[in-house]
Amino acid sequence: MASNEPTDIVPADDHGTTFTDPGTAVERADAFQNPGLPPHQLRVTDKDPKAAKRAERVIVLLFYVSVIGSVFAMAAYFAFPIKPNDLGSVRLNNVFIGLGLAFALLAIGIAAIHWSKALMDDHEGIDIRHPVAGPPPVQARAVEIFRQADRESGFNRRVLIRNGMIAAIAALPFPAIFLFRDLAPAAGTPAEAYSHTLWKQGTRLTKDPTGDPILASDVTIGSVFHVIPDGLLKSDDMLEEKGKAAVLLMRLEPGDLHVSPDRKTWNYDGIVAYSKICTHVGCPVALYEQQTHHLLCPCHQSQFDITREAAVIFGPAVRPLPQLPITVDSEGYLVAQSDFHEPVGPSFWERRGDYNV
Ligand code: FES
């Protein structure tokens, strides 16, 4: 049995390999000698106080450039607002906010590097490894090291630099307030926003993206249509409204549908309409398997069975796709009977009890 005791190392062979005896461990000799460190060179700022002063001014300037970048990003938020249905305005808004933040971050980075390279004390030190929890003398030494770092970096001595850095770092998070604010709905609560869509009684179902109305007689068994409500293309918030109102339309043999009594009238001769927005995290459910009548969400593979009111049969979604009740108008075009009877999209909103008011 091999011993755990340290073993002697026998001399290296011709290739510089040494062997332990007994056992299988192999220790290779260093291929190169440690060249050591080159002699220390004083920097310009070490020798010339004027150069040090110049470097200090540059660092302060860079920190205030960062402040300007942050203010610019905030100003750009208002100067280049995002307008509904105007992708050009989105581009301008993103470009100028991004430029402001890029300058703000870049200036802080350059200032910090310049500060450390040009002004902070320049010497090589060796840190010996110690156990994590050091005894009191070691802790006292750690405090001393912090103080030494403070002295050497001049953090407390160079008040202008320190204040500039604090101002730059303090200003940097403010643009985020404006950006995160845009994640909230423009008006009302998220539950209200997702409880109502453009669908209402009599709204025609139209093809996406042309906006042509759909005759019930054009929907053959096994076909699927991507549908938007009539009038959506003229809506002020076209993209937001489409994100809630998009629908998939399919026709099955009426006998294949298993519907609950309160939904008996929600389909028209086997034509059914379901929200296209996945109830998991909101991807478009766009893949229809005609033979099995399953809808598949490509994001995380949730599957919904259209023959059973879009019940979840696989995947992370936890509730069926909301169904849009439909019928036909006097000209034979498919129309909605009402809005959805529950919020569309991810199930989070379902946790509230005061929607559909
Ligand atoms: S968003 Fe559809 S499965 Fe995740």
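Two strands are said to pair if DSSP finds at least two bridges between them. Helices (H or I, at least four residues) and strands (E, at least two) are DSSP runs, numbered from the N terminus. The model is predicted: local features need pLDDT of at least 70, side-chain atom pairs count only at pLDDT 80 or more, and totals for chains, interfaces and linings use all residues. Residues are numbered from 1 along each chain as its sequence is written.

**View 1. The hairpin of β10 and β11.** Strand β10 (residues 303-305) pairs with strand β11 (residues 311-314) in the antiparallel sense, over three bridges. Aspartate 305 has alanine 311 in β11 as its bridge partner. Five residues lie between the two strands, and glutamate 309 in the turn has a positive phi of about 55°.

**View 2. The packing of α2 and α5.** Helix α2 (residues 49-79) packs with helix α5 (residues 159-171) at an angle of about 20°, their axes being 8 Å apart. α2 is therefore roughly parallel to α5, a term for angles under 35 degrees. Axes are lines fitted to C-alpha atoms, for helices over the stretch in contact, and angles run from 0 to 180 degrees between N-to-C directions. Among the residues that meet are Phe63 and Val67 in α2 and Gly164 and Ala168 in α5; contact requires C-beta atoms, placed from the backbone, to lie within 7 Å.

**View 3. The packing of α2 and α6.** Helix α6 (residues 174-181) packs with α2 at an angle of about 25°, with axes 8 Å apart. α2 and α6 are therefore roughly parallel to each other. Ser70, Ala73, Met74 and Tyr77 in α2 meet Phe174, Pro175 and Phe178 in α6.

Notes. Parallel < 35°, antiparallel > 145°, perpendicular 65-115°, else oblique. Contact = placed C-beta atoms within 7 Å.
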